[in-house]
Each structure stands twice: as structure tokens, then as C-alpha cells.
Amino acid sequence: MTNWVIHHADMLITMDGQRREIADGGMMIRDGVIEAVAPTNDLPTIIDARRLDMRGYVVMPGLINTHHHLYQTLTRAVPAAQDATLFNWLKTLYPIWARMDADAVYTSALVGMAELLLSGCTTASDHLYLFPNGSKLDDEIRAAQEIGIRFHASRGSMSLGESKGGLPPDSVVEKEDDILKDTQRLIQQYHDPKHGSMLRIVVAPCSPFSVTPDLMRESSKLARSYNVTMHTHLAETIDEEKFCLEKFGHRPVDYMQTLGWVGSDVWYAHAVHVNHAEIRLMAHTGCGMAHCPSSNMRLASGIAPIKKYRQAGVKVGLGVDGSASNDGSNMLNETRMAMLLARVSGDPAGLTAREALEIATLGGASVLGRDDVGALAKGMCGDFIAFKLDSLEFAGGAVHDPVAALVFCAPAKPDMVMVNGKLIVSGGELQTVELPPVIEKHNTIAKMMVNG
């Protein structure tokens with residue numbers, strides 16, 4: 001593996017314990033792990049290394065995506081779902097998604113992961129919860145290994161079909177014994193808990209309106225027997241809140257508590273409609289949440305109380321969410337949206353640019369249960385991104401505050417993206433996968449799925 005010396009960065013954002021921002025900064029990476037971070041002149045000497053002169057760049061930790069549905073790149077901007085709330089949006093798209101196969105899952109994953117990497121994301125968690133026509137979570141895992149992203153693959157599931165009072169059609173739900181058996185297989189085959197792991201498995205029943213209480217309970221038992229993390233959608237809309245009250249007699253967060261779905265190994269996607277007591281419960285039990293601002297705006301779901309979560313001590317990360325409710329996979333844009341949405345109700349300090357970057361890095365690492373990514377510090381994984389400060393987007397901004405400019409200015413593409421000591425993006429171009437044929441194939445599949 002190549003050793004690296006990164007030196008003379010105009011600004012190196014560490015996100016370390018002191019939140020240092022080092023002018024003329026540098027670092028050393030050996031065997032995929034950061035060995036030193038310091039002003040360039042204070043770096044130790046290393047001879048056997050490739051050197052990267054970062055004059056004119058701002059360097060920071062790779063961004064971390066805590067919630068996504070990669071397969072949804074196939075159904076972006078579908079006309080019938082453009083102006084719908086969550087439940088109607090899902091009912092429109094379920095029959096289209098039922099036409100997916102293994103090749104569709106694999107190809108859509110490559111497209112979504114490419115977008116993530118090209119927007120500065122180095123670690124991503126994806127939530128795949130339907131498996132029609134022989135598709136498997138393995139199809140996404142293969143894409144992640146080929147493209148070079150650090151990946152948390154969530155084995156989602158739906159078992160509560162329309163005939164039993166759930167939202168999804170029966171054609172896209174699975175038998176619960178089959179779900180649990182396949183989840184166990186995936187953990188045994190792929191999960192790597194070690195420091196610097198490139199692949200972990202997450203147990204992730206889809207939502208209160210698509211799985212039974214029994215599946216939630218058995219899934220938590222399985223996850224905890226293997227010491228893996230747990231994830232689900234929760235409290236995304238008022239419709240979901242009404243569903244939980246009518247069917248289970250509990251508000252969504254309270255319902256999770258009755259099922260044993262609280263703890264430091266659990267995080268929820270969205271968590272928009274919560275009260276003070278539920279925020280305190282999440283903080284007390286160590287639950288995390290994936291904030292998905294673009295999706296919540298797109299589907300008119302509401303505004304998650306991020307400032308209250310952070311003040312209470314709840315772990316908060318960012319998620320681009322489904323590529324058919326965003327409709328993109330741009331993590332830097334999501335960081336900007338989080339800052340802006342926190343201010344739209346009248347608080348200009350609802351979220352600062354630096355706080356937004358912290359959520360997108362350290363916050364995401366905490367939500368995913370990782371202590372080896374999210375910061376540039378000794379012993380952390382060699383994951384960083386670098387932006388050219390002379391780009392059009394930063395003109396007139398980077399000269400004043402290059403850190404804040406990353407968030408306030410229009411989202412720019414990173415010139416470099418390194419994951420685990422490997423340069424995945426160089427000169428703004430993906431180095432691991434040739435994109436034009438992937439895009440062509442992806443568009444062909446998308447047309448076939450939507451047209452039936």
C-alpha cells in the first residue's frame with residue numbers, strides 16, 4: 001500500500017478533539033492509517049512515500065452518509081411521484097421498484113456511490129429493504145468493493161403487506177423467517193468489526209408501517225447477538241405518527257422503546273416529529289438520528305429539530321436519503337441544506353457552517369458507531385477530501401473564510417478523495433469505475449422499470 005505525505009495545505013480541517021484548523025497543514029498516512037497531523041514544517045520525515053503538494057487546497061475529513069437508498073437512483077423525478085407526500089409517493093413507486101433485479105440493484109448502487117464519492121463522501125450507509133426478482137444485498141456490496149467506498153450495508157426488510165394492514169403491496173414483502181435467515185447469513189459472510197473496516201452489516205427493518213412488532217423484536221435479538229448496529233425509519237411524517245397510534249397505541253419513538261429498539265447501537269432515519277420527552281429518551285439511551293433535510297423538504301415531511309437534538313446530546317448525522325426523494329446523492333449539498341433548513345424558521349444561528357461540517361463528519365461517525373473515521377488525527381483511517389480554493393464556486397468566499405465557504409458557497413466537487421489510503425478521485429475524476437457505460441446501462445434499466 002502506498003504511503004502518503006500531504007503537505008502545505010492552505011487549510012487543514014482536522015475535526016480532532018480541539019477542532020484544529022491548521023494553516024499550511026499536512027499529514028502522513030501509512031498503510032491506510034494516519035500517522036501524524038501537524039503544520040507542514042512539524043511533520044516527521046518519511047522517505048518511502050508519495051508526496052502531495054496541497055498549496056491552494058482546503059483539506060478535511062471525508063463526509064459520512066448515514067442514510068440512503070441507492071436503488072432509487074433509478075426512479076428520480078418520476079412524474080407521478082413529483083408532488084406527493086411520503087405515503088402516496090411510496091404507493092406510486094412500490095410497483096416500479098418491484099421490477100428490479102440483481103443487475104438493477106448493482107448498477108444503481110454504482111451510480112449512487114459515484115455521486116457520493118464525487119461530492120466528498122468516503123463512508124456511506126445504505127438501506128436496501130426490498131429484494132425482488134432474485135436481488136440481494138450482495139449486489140450492493142459488490143458495487144461498493146469495486147468502486148472503493150467505505151460501506152455500511154443495511155439489510156432492510158418489509159413483512160407487513162397491505163393484506164395485513166401495512167402500507168406496501170404484498171408483492172414486495174418477505175416472510176419473516178427468510179428475512180432473519182438471510183440477515184444472519186450476511187453478518188456471518190461479510191461483517192468486519194475491526195478498526196478501519198471497509199464493510200459492516202446493519203440490521204434494518206424498514207419502518208413501523210411495513211414490518212410487524214415480532215420482526216422488530218427478533219431483528220434486535222439477532223443484531224445484539226452479533227454485536228451489529230440497528231437502523232430503521234422513524235417519525236418521518238404525521239401520517240406515520242397517526243398509523244402508529246392507531247395500530248400500536250404508541251407514538252413512534254415510544255413504540256420503539258416497547259420493542260427494545262433504543263440504545264447506543266440504534267439510529268433512526270428522519271426523526272422529524274418528536275417531542276421533548278422523546279428527545280430526552282433518545283439522548284438518555286444513546287440513540288442516534290440521520291438528518292435528511294433535502295428529502296424532508298422534497299416530500300413536505302417537516303423540519304427535524306436539530307438544534308434541540310444537539311443541545312440534548314443526541315447523536316446527529318446526515319443522510320442524503322433516497323435518490324428519488326432528494327433527488328441526488330451529493331453530501332456537500334446535504335451539509336449546506338442542513339445549515340439552511342436549521343435557519344429557515346427564524347434563527348440565523350440555528351446551525352453554523354462549522355457545526356454543519358461537524359455533523360457531516362464526526363456526527364456521522366458517532367451515529368454509525370465508529371471511532372476510526374470522521375476526523376484527521378493520529379490513528380484514524382486515511383480518509384480525506386480536498387477542494388481547490390481557486391474554483392469558481394469559492395471566488396470571493398475562500399479568501400475570507402475557506403472553511404465556511406465550503407458550506408455557504410454553492411457545493412463544489414472535491415479535486416481529491418482518498419479512502420483508506422487509496423486515491424479514489426483525482427483531478428475531480430473517479431479512478432475506479434468508468435462512468436459513461438454505467439450511466440448508459442443505468443438509464444436503460446430505469447426506462448424499462450418505469451415503462452413496465
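Predicted model: local features only at pLDDT ≥ 70, side-chain atom pairs only at ≥ 80, totals over all residues.

Student: Fine. With that cut-off, which residues is Leu-376 in contact with, leaving aside its neighbours within four places in sequence?

Tutor: Leu-376 touches Leu-12, Ile-13, Thr-14, Asp-16, Met-27, Ile-34, Val-37, Val-59, Met-60, Pro-61, Asp-383 and Phe-384.

Student: Where does Leu-376 sit?

Tutor: Leu-376 is in the loop that runs between helix 12 (353-367) and strand 16 (384-388).

Student: And is Leu-376 buried or exposed?

Tutor: Leu-376 counts as buried, because its relative accessibility is 0%.

Student: New topic. How many salt bridges are there in the whole structure?

Tutor: A search finds 24. One of them joins the side chains of Asp-214 and Arg-217, at 3.3 Å from N to O.

Student: Where are Asp-214 and Arg-217?

Tutor: Both lie in helix 5 (residues 213-226), three residues apart, which is about one turn of the helix. Asp-214 is partly exposed because its relative accessibility is 48%. Arg-217 is partly exposed too, with a relative accessible area of 35%.

Student: What does Lys-221 form a salt bridge with?

Tutor: With Glu-218; the closest N and O atoms are 3.3 Å apart. Lys-221 and Glu-218 are three residues apart in helix 5, so about one helical turn separates them.

Student: Is Lys-221 buried or exposed?

Tutor: Lys-221 is exposed, because its relative accessible area is 54% and exposed means over 50%. Glu-218 is partly exposed, at 36%.

Student: How about Glu-278 and Arg-251, what is the N to O distance there?

Tutor: Their side chains meet in a salt bridge at 2.7 Å. Glu-278 is in helix 8 (residues 276-285) and Arg-251 is in the loop between helix 6 (238-248) and helix 7 (252-258), so the pair ties together parts that are 27 residues apart in sequence. Glu-278 counts as buried, at 6% relative accessibility, while Arg-251 counts as partly exposed, at 22%.

Student: Which residues are linked in a network of salt bridges?

Tutor: Asp-138, Arg-155, Glu-174, Asp-182 and Arg-185 are.

Student: On to the rings. How many aromatic pairs does the structure hold?

Tutor: Nine. In one of them, the ring centres of Tyr-71 and Trp-97 are 5.1 Å apart and the planes stand at 90 degrees, so the pair is edge-to-face. Tyr-71 lies in the loop between strand 7 (68-69) and helix 1, and Trp-97 lies in helix 1, so this pair ties together parts 26 residues apart in sequence. Tyr-71 and Trp-97 are both buried.

Student: And Phe-248 with Tyr-255, stacked or edge-to-face?

Tutor: That pair is stacked, because the planes are at 5 degrees, with the ring centres 4.1 Å apart. Phe-248 counts as buried, at 16% relative accessibility, and so does Tyr-255, at 3%.

Student: Which residues form the aromatic cluster?

Tutor: Tyr-71, Trp-89, Tyr-94, Trp-97 and Tyr-129 form one cluster.

Student: Last thing. How many cavities of 30 Å³ or more are there?

Tutor: One. The volume of the largest cavity is about 120 Å³. There are 17 residues lining the largest cavity, and the closest to its centre are Leu-86, Leu-90, Tyr-129, His-233 and Glu-236.

Student: Which helix gives the most to that lining?

Tutor: Helix 1 (residues 86-97) does, with four residues. By type, the lining has eight nonpolar, seven polar and two charged residues.

Terms used. Residues numbered from 1 in each chain as written. Heavy atoms only, no water. Helix = DSSP H or I, 4+ residues; strand = E, 2+ residues; numbered from the N terminus. Buried < 20%, exposed > 50% of the residue type's maximum accessible area, 1.4 Å probe, protein only. Contact = heavy atoms within 4.5 Å. Salt bridge = Lys/Arg side-chain N within 4 Å of Asp/Glu carboxyl O. 1 Å grid on protein atoms, 1.4 Å probe; cavity = no way out; pocket = protein on both sides within 12 Å on 5 of 7 lines; lining within 4 Å. Points joined across faces, edges and corners; volume = space filled by probe spheres on them. Nonpolar A, V, L, I, M, F, W, Y, C, P; charged D, E, K, R; others polar. Phe/Tyr/Trp six-rings, centres within 6.5 Å; stacked < 30°, edge-to-face > 60°.
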